[in-house]
Amino acid sequence: MGNENLNETVPSHAIEAFCRAQYVERYLDKIIKKAALNEKSFVGVLYADTKEPAPVFVVKCAVVPYLSQMESRPRQISGYRTAYHPVHIDENADRVAEALDRESLLAVLRRIAEYTGTNAPQCLIPLCRFGRAKELEYTLSCIREWDIWYQYGSAGRSSMIVARGATLLHESREAMLYAEKCKLLSIYAQMRGLTADVLRDTKLSDFGLDENGKKLLDLGSTVIEAAVGQDLQISLYDTKNQKTVKSLPKRGADPEKYETAAAAFADLKKNLKKVVKSRNDILFERFLDGKAQKATAWLASYTGNPALHRVAELLVWSQKDKTFILTPKGAVDSGGYPYQVNETDAICVAHPMEMSRTEVQAWQDYFTRNGLKQPFEQIWEPVVDVTAFRETRYKSIMIPFYRFKNREKHGIYVEDYDYHNAIDIRLAGCDTEVERIDWTRHQLDVNDRFEITSISFRKMNRMVNHILAYLDRVTVYGRIADDDAAAIAILLPNFTLAQIADFIQLASENKCPNVTALLLDYRQKHFSNFNPMAEFTLD
């Protein structure tokens, strides 16, 4: 940018010469003025090494390049819930910031961000770039706060978009998880020269666990072993005193080592479940669309990363015409025999539609015998009998609106037009006719009834099967209330033991003798060898 700065004195710090070579102060001041800031806004920052006050010009060189990344406020705010303002990593500004004391810099940036608010949301950009966990949380709290229309209006919506973009600059697992939630992880990764998949398998899911899913936390007085079990629960073991503990013992511990260990354990405890949930959401999509992954990539993801290995241990996988599961001791097939994963054939999340009934039962027995819960109902997913399917399968059965609402990831989409006067319900892969039974002008209650008068599909696939299995489950409640044993008998093969138990309780409470007898008899004949489990999934 040139070297037109007024202060041409001998630099007291090496970074000052770099700043003079790269930046022109009067250009920086124009950007500062646009953000309603002044010289005093940047006072109070120290150098990292000498702890001497850093010149305001140097502080500007670290901060202003990030402020300048919002040239104007976003004008299109209709997509404010998902939209983001594009940002980029500025290596020169980062180099300057490295010379500054982080705590004093953040104190200044936080004061600036709190002062400007929605008037200058670009102030969140440097705050996120140089901030720690609490600065990211502050930015996320701003996004939540600014969503209140009557208080912040359009300024709040445009500020939300800027703030969401700012979070992409934050270097933390929490920022990556937020980007994943917002479907922006690919953008986050590209900014760092990576792909989303690589980021998911490395930085996002790397908790420093060893191959056995354990992490050693040195307290000085003892070493605590944090272990992630097959159920994804974290346990702590005091290796010196040889006993299980509920928390990190602080008594006698070295203060610095304790703080380091406590931070590592807090990260593991707080973020492991979030990382696992994020991965499970992706795997659920693969369960429904059947997309496969190259074996080499699968092996790198699920055998090379201890945290993801635990995830893989809770799902059945398919390679060509074989199914298998990972265990702490290696891969095994449905018969319990060792399975050798080859690097030639692609691997996908298995589906009961593509297995024999014997194989499905073997896997169901494996999970109940070992007391393992799956991330979602994979091996328990009912397989709809196409030969018994009729377009009038759900006719005359009333379905409350809440059964359709917020189920997009399950292939059920709801469009609300004309302020609740027109409700369009669409089921992925299906042709349906849905009639709204309860109707009040400009009103929609979650218990309003709808009827699927006709349903058909062009091709039975995983998604269609999933939707039909779901509809079978939610419509059976009405059939139970009518004590319609004949209609329920046709659907029984589609339900799990946990669901059957739920139906028995409902039939008993509603005094439905025919359905109760049917369900009790079915449970005895088909589930007598299963260990009792109240739930089959982690959700």
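Colleague: Which helix gives the most to the lining of the largest pocket?

Modeller: α12 does, with eight residues. Helices are DSSP runs of H or I, at least four residues, numbered from the N terminus. A pocket is an open set of points on a 1 Å grid over the protein atoms alone, where a 1.4 Å probe fits, with protein on both sides within 12 Å along at least five of seven lines; lining residues have an atom within 4 Å of a point. This is a predicted model: local features need pLDDT of at least 70, side-chain atom pairs 80 or more, while totals for chains, interfaces and linings use all residues. Numbering starts from 1 along each chain as its sequence is written, and side-chain values use heavy atoms, without hydrogens or water.

Colleague: How many residues line the largest pocket, and which lie nearest its centre?

Modeller: The lining has 36 residues; Leu177, Tyr178, Glu180, Lys181 and Cys182 lie nearest the centre. Helices supplying at least two residues each include α8 (149-167) and α9 (173-181).

Colleague: At what angle do α12 and α16 cross?

Modeller: Axes are lines fitted to C-alpha atoms over the stretch in contact, with angles from 0 to 180 degrees between N-to-C directions. Here α12 (residues 255-289) and α16 (residues 462-481) come within 6 Å and cross at roughly 100 degrees. They are therefore roughly perpendicular (65 to 115 degrees). Phe284, Arg286, Phe287 and Leu288 in α12 meet Arg462, Met463 and His466 in α16 (heavy atoms within 4.5 Å).

Colleague: How many salt bridges does the structure hold?

Modeller: Look for a side-chain nitrogen of Lys or Arg within 4 Å of a carboxyl oxygen of Asp or Glu. The structure holds 31. One joins the side chains of Arg132 and Glu103, at 2.2 Å, N to O. The two are 29 residues apart: Arg132 is in the loop between α6 (124-130) and α7, Glu103 in α5 (residues 102-116).

Note on methods. Angles under 35 degrees count as roughly parallel, over 145 as roughly antiparallel, 65 to 115 as roughly perpendicular and the rest as oblique.
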